[in-house]
Amino acid sequence: MNATTIRDVDVAGKRVFVRADLNVPIDDGRITDDTRIRASLPTIVNLLERGAIVILASHLGRPKGKVNDALRLKPVADRLAQLLGRPVRMTGDALGPGVQVAIDKLRPGDLILLENLRFRADEEANDPEFAAALASLADLYVNDAFGAAHRAHASTEGITHHLPAVAGLLMEREVDALSRLLTKPARPFHAVIGGAKVSGKLEVLEALLARCQAVLVGGGMANTFLAARGLELGKSLVEMDQLDNAERIMAEARRKRVRLMLPTDAVIAPQIHRRAKTQVVPVDAVPKDQMVVDIGPDTRSAYAAHLAKAKTVFWNGPMGVFEISQFAEGTNEMARVIARRTAAKAVTIVGGGDSVAAVEGLGLADKMTHVSTGGGASLEFIEGKSLPGVEALLPAGAEINFPKEDA
Ligand code: ADP
Ligand code: MG
């Protein structure tokens, strides 16, 4: 990436503020997926081994500027301690006199985790004073939170006005991997896109039409495309206010000669329930009292056959209601097909919260070229948008001027 990274800076004895994305799913105090914590380890370990004083910070969930005991970072500190094999101390707040006292006690090679940044409304408001106060804790700023880089918050953007700002190793890996989709991807470049709704993904679809040779559509989103073609889909999730947009995307695909593939058959059920009775029908034969819950076997085969030629694959969004195992086969099959493309030397990249969860759940994450921790940030990156957290980093080769160089 075109940014200075932690490798380019002498960090020994320096206080380093590391903004990580430790926003993991927590259910009843227990972390259900620690991928983001593990993904943050290389940067943390690298800095500690080189004698930095690491001040680690993250958000967790959406506390909306208020202290929320259910969103304390304590479970994250405990998991991090397990993974690092050493205790991880925490502050009681993201900022304040206690934080300064705790940091003053740290020695090179020590680590402290600040409490949830979003307990302070100033974080998401990108308040300049709050950003300056966070910056005053450290000599160097490291952004390793790719998943939060699409937001200009105090800890991702504001703070960079006060400290030399460099990329962490995860940030670098994410940007480099996703850039492979934007700069000369090997052809054919095929995208698989699904998920619940078209509405949140119009810009991604448009960006993919500009770059891909084929876009394979599944999930609830496909229903809206099929409805725009005049099909009746019973009780299925269809966004009636998006029919024009779906129509426009299909016209654009024709104009650009991009193959936009839609499901030809579907798994249907009377309701979204673990024990619902399922059937497979052609997409033009969905009864009034049934809903589409997955792509059908013919669609899976057609998509697999099409992907067999791809040299680059991007996947976002599950093919069905994969949270329920009997509706997950379309999603699982796509994951296996894409993993096989990796084995055949194609570049395969998965981005998006639920699609990544599906791939992780199948144990196929290490069979992909890259599985983004980014969620929304990875989609905005694919859309070609500039991410404020990335833009704010020093360009490669920039000189580092520490604010409080020892005399
Ligand atoms: P991602 O997080 O990978 O970007 P989305 O958030 O867009 O994916 O979509 C994921 C959601 O889409 C899942 O909760 C899944 O149950 C839902 N979904 C997929 N297919 C259907 C469908 N046919 N009907 C209703 N919901 C669906
Ligand atoms: Mg999602």
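**Loops, core and ligand**

Modeller: Let's begin with a loop: Asp28 sits between S2 and S3. Bear in mind that this is a predicted model.

Colleague: What is the phi of Asp28?

Modeller: Positive, about 55°, although Asp28 is not a glycine. Most residues other than glycine have a negative phi.

Colleague: And is Asp28 buried or exposed?

Modeller: Exposed, because its relative accessibility is 78% and the cut-off for exposed is over 50%.

Colleague: Where does Asn126 sit, and what is its phi?

Modeller: Asn126 is in the loop between helix H4 (121-124) and helix H5 (128-135). Its phi is positive, about 50°, and it is not a glycine either. Asn126 counts as buried because its relative accessibility is 18% and the limit is under 20%.

Colleague: What follows H2?

Modeller: Gly85, with a positive phi near 70°.

Colleague: Stay with H2. Which of its residues are buried?

Modeller: H2 covers residues 74-84, and its buried residues are Pro75, Val76, Ala77, Leu80, Ala81 and Leu84.

Colleague: What covers the buried residues of H2?

Modeller: Helix H1 (35-49) is part of the cover. So are several strands, including S2 (26-27), S3 (30-31) and S4 (53-57). Strands S5 (89-90) and S6 (111-113) also contribute.

Colleague: Change of topic. How is the chain divided into domains?

Modeller: Into domain 1 (6-172 + 387-406) and domain 2 (187-345). Their centres, taken over C-alpha atoms, are 38 Å apart.

Colleague: Now the largest nonpolar core. How many residues does it have, and which touch the most other members?

Modeller: It has 76 residues. Those touching the most other members are Phe17, Leu208, Val215, Val217, Phe225 and Leu260. Helix H8 (residues 219-228) gives the largest share, six residues.

Colleague: Where does this core lie relative to the two domains?

Modeller: Between them, because domain 1 (6-172 + 387-406) and domain 2 (187-345) both give residues to it.

Colleague: What is Phe225 in contact with, leaving aside neighbours within four places in sequence?

Modeller: Val198, Leu205, Val217, Ala246, Ile249, Met250, Leu260 and Leu262.

Colleague: What about a second core?

Modeller: It is separate and has 34 residues, including Val11, Val54, Phe119 and Ile400.

Colleague: Where is Ala191, and is it buried or exposed?

Modeller: Ala191 is in strand S9 (residues 189-193). It counts as buried, at 0% relative accessibility. Not counting residues up to four places away in sequence, Ala191 touches Leu208, Cys212, Ala214, Val215, Leu216 and Phe314.

Colleague: How far is Ala191 from Ala132?

Modeller: Their C-alpha atoms are separated by 42 Å. Along the chain the two are 59 residues apart.

Colleague: Which peptide bond is cis?

Modeller: The one from Arg187 to Pro188, with omega near -5°. Most peptide bonds are trans. Pro188 is in the loop between helix H6 (169-182) and S9.

Colleague: On to ligand 1. How many residues are around it, and which come nearest?

Modeller: There are 17 around it, and Lys201, Asn316, Glu323, Asp354 and Ser355 come nearest.

Colleague: What about polar atoms?

Modeller: A polar side-chain atom of Glu323 lies 2.5 Å from an oxygen atom of ligand 1. An N or O atom in the side chain of Asn316 is 3.0 Å from a ligand oxygen. Gly320 has a backbone N or O atom 3.5 Å from a nitrogen atom of the ligand.

Colleague: How much of ligand 1 does the protein cover?

Modeller: The protein covers 82% of the 580 Å² of accessible area that the ligand has on its own.

Colleague: Back to Ser355. Where is it found?

Modeller: In helix H12 (residues 353-361). Ser355 is buried, with a relative accessible area of 1%. Its contacts, leaving aside neighbours within four places in sequence, are Trp315, Asn316, Gly317, Pro318 and Val350.

Colleague: Last one. Where is Gly375, and what does it touch?

Modeller: Gly375 is in the loop between strand S17 (370-371) and helix H13 (376-382). It touches Arg36, Gly352 and Gly353, not counting residues up to four places away in sequence. Gly375 counts as buried, at 13% relative accessibility.

How values were computed: Residues are numbered from 1 along each chain as its sequence is written. Chains are lettered from A and ligands numbered from 1 in the order in which they are written. This is a predicted model: local features need pLDDT of at least 70, side-chain atom pairs count only at pLDDT 80 or more; totals for chains, interfaces and linings use all residues. Side-chain values use heavy atoms; hydrogens and water are left out. A nonpolar core is a set of buried Ala, Val, Leu, Ile, Met, Phe, Trp, Tyr and Cys residues joined through side-chain atoms within 4.5 Å. Buried means under 20% relative accessible area, exposed over 50%, partly exposed in between (1.4 Å probe, protein chains only). Helices (H or I, at least four residues) and strands (E, at least two) are DSSP runs, numbered from the N terminus. Domain bounds come from an automatic or database domain assignment. Contact means heavy atoms within 4.5 Å. A residue is near a molecule or strand if one of its heavy atoms lies within 4 Å of it. A polar contact is a pair of N or O atoms within 3.5 Å; within protein, one must be able to donate a hydrogen and the other to accept it, and residues adjacent in sequence count only if both atoms are side-chain atoms. Accessible areas come from the Shrake-Rupley method with a 1.4 Å probe; for residues, only the protein chains shown count as cover.
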